[in-house]
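Let's take a friendly walk through this model, one part at a time. Have the viewer open as you read.

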Amino acid sequence: MPDRPEQRPDEPAAPPVGAGEQPAPPGEQPVGRGDQPVRRIVIVGGGTAGWIVAGVLASRYPRRGEDGVAITLIESRQQPPIGVGEGTWPTIRATLKQIGVSETDFLRECDASFKQGSQFVKWVDASDSDTYWHPFTLPADYADRNLAPYWLEGLPQAGFAASVCFQTELCSQALAPKLITTPEFAGLANYAYHLDAGKFAPFLQKHCVGKLGVSHVYDEIVQVQSDGHGGIAHLVTKSGDLLAADLFIDCSGFAALLIGKHCGVPFRSMKDVLFIDKAWAVQIPYRDDAAPIASATVSTAQSSGWVWDIGLTSRRGVGYVFSSNYLSDDRALEELQAYLAARGDLSSELSFRNIPINSGYRQESWVGNCVAVGLSAGFLEPLEASAIVMIELSAKSIANLLPGCRSGMWQAARIFNDTFRYRWERIVDFLKLHYVLSRRTDGRFWIDNRRIESIPDSLREAMDYWRHHCPWHEDFSHREEVFSAASYQYILYGMGFQTSAAPWLLNDDDRNRAREALSETARRATALSAALPGNRDLLTRIRRYGLQKI
Amino acid sequence: MVNLVVLDSRTHRNVRVAPRPSREWAEINVVSVVPREFPRLVAHYPIFFTKSAESGRFEPAVLLGFQRTENLFFAHGRWDVAYVPLQIQRQPFSLMPRRGAGPAGSQPSLDVALDLDCSNIQTQEGERLFLDDGAPSKFLQDITSILSALVSGSREAYEFTGRLAELNLVEPVRIDVEFVDRSEAKLEGLYWIAAAALKALPAAQLAELRDRGFLEWLYFQMASVAHMSGLVARKNQVLSGVTAARRPEGGNAGPA
């Protein structure tokens with residue numbers, strides 16, 4: 001049995017540490033004491049965030065019992081999961097591997113499919129040929145050489161992504177990123193997943209509780225007790241239990257029970273930058289068992305937002321995210337229905353769900369001994385599927401920063417907050433970039449999105465720089481950027497941004513190598529599209545046979 | 001090209017099959033095998049595991065050469081070892097699921113099919129498939145039993161390799177060889193028993209492998225790898241222009 005960090009207030013939380021120290025008197029837990037070990041972790045909330053955090057921490061710190069780490073997840077049966085976010089980033093493969101689940105089980109139980117990037121339709125000028133790709137595989141030669149200036153000077157016929165990355169060809173044919181003989185979590189092209197969030201959390205829960213020794217409690221929190229030193233001492237539950245811990249992780253979603261309601265950390269709205277504040281979501285059945293499953297998220301711009309279209313193995317998830325300042329719910333629903341009708345997917349059986357979106361984040365997600373992960377920390381519109389990757393990054397950072405004693409908590413919090421403030425800012429910049437580069441003039445939503453006062457300074461300055469310099473590694477300062485220079489290149493040049501690179505900074509050697517890289521890309525695209533099975537074909541075979549671990 | 005037709009005692013009453021080995025199915029460097037052949041294969045061939053292109057599952061296979069169509073056991077129109085894998089012996093026959101037969105979800109009935117484009121098929125010489133009264137000949141009966149041994153053998157093979165994979169007893173092996181003329185071969189996509197994992201296997205699981213008959217198969221595989229040096233020697237002989245000596249026991253590779 002793993003320990004549960006529940007305790008009576010008159011019992012010491014852990015054996016006293018250090019010679020000569022006495023347990024604190026009843027009722028006065030020395031929770032804030034500097035040399036107190038950090039070994040009891042309570043996670044509040046059992047959605048995607050809660051279980052990813054539980055899985056990452058429990059697999060990184062597998063020792064339980066008296067000399068180990070106790071991890072308890074408490075969730076309310078009342079709180080239905082939001083369960084819309086279905087797109088991930090390739091980081092999810094390392095995360096799932098770290099947690100220790102099998103890719104076969106994950107694909108089967110979460111109705112997951114392979115995602116190799118995003119396709120943007122009608123984002124630039126809304127013409128019929130208006131589409132570009134943001135694939136997960138990096139541009140050719142990316143480690144050594146910046147191909148962008150040479151692609152730009154070559155007046156190429158094909159789009160930027162198709163020229164520098166073989167993966168767009170795989171996406172446009174709805175092919176899988178791997179073969180049935182490719183081991184779990186490995187690929188011939190970089191990939192992530194589309195998943196059913198409603199099935200993902202229970203899948204992780206089963207593994208965390210069954211294999212990793214995470215304690216799971218269904219209860220409601222009725223009170224949060226401060227420790228008198230700027231931290232949380234314990235939670236009081238509806239059934240009368242006390243949950244004491246050294247670190248509390250708030251994964252309670254928009255409710256933000258600890259970080260918001262208790263700690264009072266303000267939420268910084270981003271609605272002046274990112275205008276999306278509502279969504280209509282719907283699930284679309286496949287017409288038959290043979291209908292192709294797209295291996296990219298398709299994002300199609302509309303009058304006042306955009307429609308996501310995601311293929312799982314069981315169904316498609318489609319939705320329209322829009323701005324209520326520019327469009328009423330009714331008109332938005334009509335646009336979504338028109339999108340479906342144009343594809344022959346509109347029927348009277350569909351049920352449309354209206355979801356509010358509040359773009360923004362908390363500037364501090366770690367306060368005292370409480371850290372927020374997931375929607376409680378922030379949410380930005382789902383344009384580049386940043387929600388789950390931010391959960392993974394947070395879980396990894398907490399695992400890496402986890403201090404041995406309470407005295408280290410402040411430093412860990414400071415580093416975490418600096419890192420994540422930076423990450424939120426970069427995501428905001430990157431999402432906004434898609435709107436700033438649009439040349440659509442068919443609605444105020446698009447025109448207003450380009451108004452200078454809605455563009456963060458950091459993005460404006462970067463874009464000025466990129467007028468004469470193609471984005472490259474050193475433009476970004478952090479070790480682990482959410483969106484690297486590669487992503488910026490795909491969006492900028494996919495949307496027709498012009499960089500006039502200074503000719504004296506280009507040279508023939510690089511130019512020749514760039515040319516070789518482009519022809520090699522075309523060769524690989526042809527070879528791989530001949531070798532790879534369709535996304536649906538491979539997923540069906542995995543359902544039947546599974547993938548090998550090696 | 002392969003032109004498979006279901007065998008029929010009337011249509012194919014006069015068809016004869018020359019029981020001689022044919023290049024058509026010898027020019028291949030990996031042949032899938034079934035565990036029940038291991039005791040005989042282990043005398044000649046290195047046995048590995050490969051992944052099925054259809055299912056990705058591991059299946060046992062013997063390695064015959066270092067290039068895609070190189071079979072170092074086949075020279076001068078014949079196999080020069082005493083035992084030829086069932087997968088070769090069955091040629092040019094195979095089994096085809098019967099169309100529309102049986103309730104949904106049940107194992108489909110199988111019919112014996114013949115590759116009509118095979119050059120061994122004729123009407124003058126060779127083994128008859130059917131007697132004058134339409135009954136199957138001894139030759140055809142032998143073929144049928146080889147085919148059914150392959151069907152049940154393949155089921156056993158997947159049970160075997162599936163369990164090995166679950167127990168993490170399979171690992172990839174990379175083969176890099178340099179031959180006498182300094183040319184090199186690198187083979188990928190081969191797997192073998194992870195000896196270290198086997199040594200560390202808990203007693204209960206070891207007993208389970210023994211009880212299911214897997215343990216001896218597993219050791220046959222491990223022992224068979226010793227034939228890799230023989231395979232390299234065969235290749236070196238070919239490269240040095242030395243004709244592989246015909247062994248006295250190297251007879252025809254017809255159905256045993």
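Leaving aside neighbours within four places in sequence, Ala58(A) is in contact with Ile71(A), Cys208(A), Leu212(A), Gly213(A) and Val214(A); two residues are in contact if their C-beta atoms, placed from the backbone, lie within 7 Å. Ala58(A) is found in helix α1 of chain A, where helices (H or I, at least four residues) and strands (E, at least two) are DSSP runs numbered from the N terminus. Ala58(A) counts as buried because it has 26 C-beta neighbours inside 10 Å. For that label, 20 or more other C-beta atoms must lie within 10 Å of a residue's own, while 12 or fewer make it exposed and anything in between partly exposed, with C-beta atoms placed from the backbone. Ala58(A) and Gln78(A) are 20 residues apart along the chain, and 26 Å separates their C-alpha atoms.

A word on reading the model: it is predicted, so local features need pLDDT of at least 70 and side-chain atom pairs count only at pLDDT 80 or more, while totals for chains, interfaces and linings use all residues. Residues are numbered from 1 along each chain as its sequence is written, and chains are lettered from A and ligands numbered from 1 in the order in which they are written.

## Helix α1 against α2

Helix α1 (residues 48–60) and helix α2 (residues 91–99) of chain A pack at an angle of about 55°, their axes 8 Å apart. Axes here are lines fitted to C-alpha atoms, for helices over the stretch in contact, and angles run from 0 to 180 degrees between N-to-C directions. That angle makes α1(A) oblique to α2(A); angles under 35 degrees count as roughly parallel, over 145 as roughly antiparallel, 65 to 115 as roughly perpendicular and the rest as oblique.

Which residues of α1(A) and α2(A) meet? On α1(A) they are Ile52(A), Gly55(A), Val56(A) and Ser59(A), and on α2(A) Thr95(A), Gln98(A) and Ile99(A). The residues of this contact divide into three nonpolar, four polar and no charged. In this scheme Ala, Val, Leu, Ile, Met, Phe, Trp, Tyr, Cys and Pro are nonpolar, Asp, Glu, Lys and Arg charged, and the others, Gly among them, polar.

## Helix α10 joins in

α2(A) and helix α10 (residues 386–401) of chain A pack at about 45°, with axes 10 Å apart, and are therefore oblique to each other. Thr91(A), Ile92(A) and Thr95(A) of α2(A) make this contact with Ile388(A), Val389(A) and Glu392(A) of α10(A). Its residues divide into three nonpolar, two polar and one charged.

α1(A) also packs against α10(A), at an angle of about 35° with the axes 9 Å apart. Among the α1(A) residues that meet α10(A) are Ile52(A) and Val56(A), and the α10(A) side includes Ile388(A) and Glu392(A). This contact divides into 10 nonpolar, one polar and three charged residues.

## Helix α16

Which residues of helix α16 (residues 535–545) of chain A are buried? They are Asn535(A), Arg536(A), Leu538(A), Leu539(A) and Ile542(A). These residues lie on the same side of α16(A) because they cover an arc of only 165° around the axis, the arc being that of the directions from the helix axis to the C-beta atoms. They pack against α3 (103–109) and β3 (113–115) of chain A. Just after α16(A), Gly546(A) takes a positive phi of about 80°.
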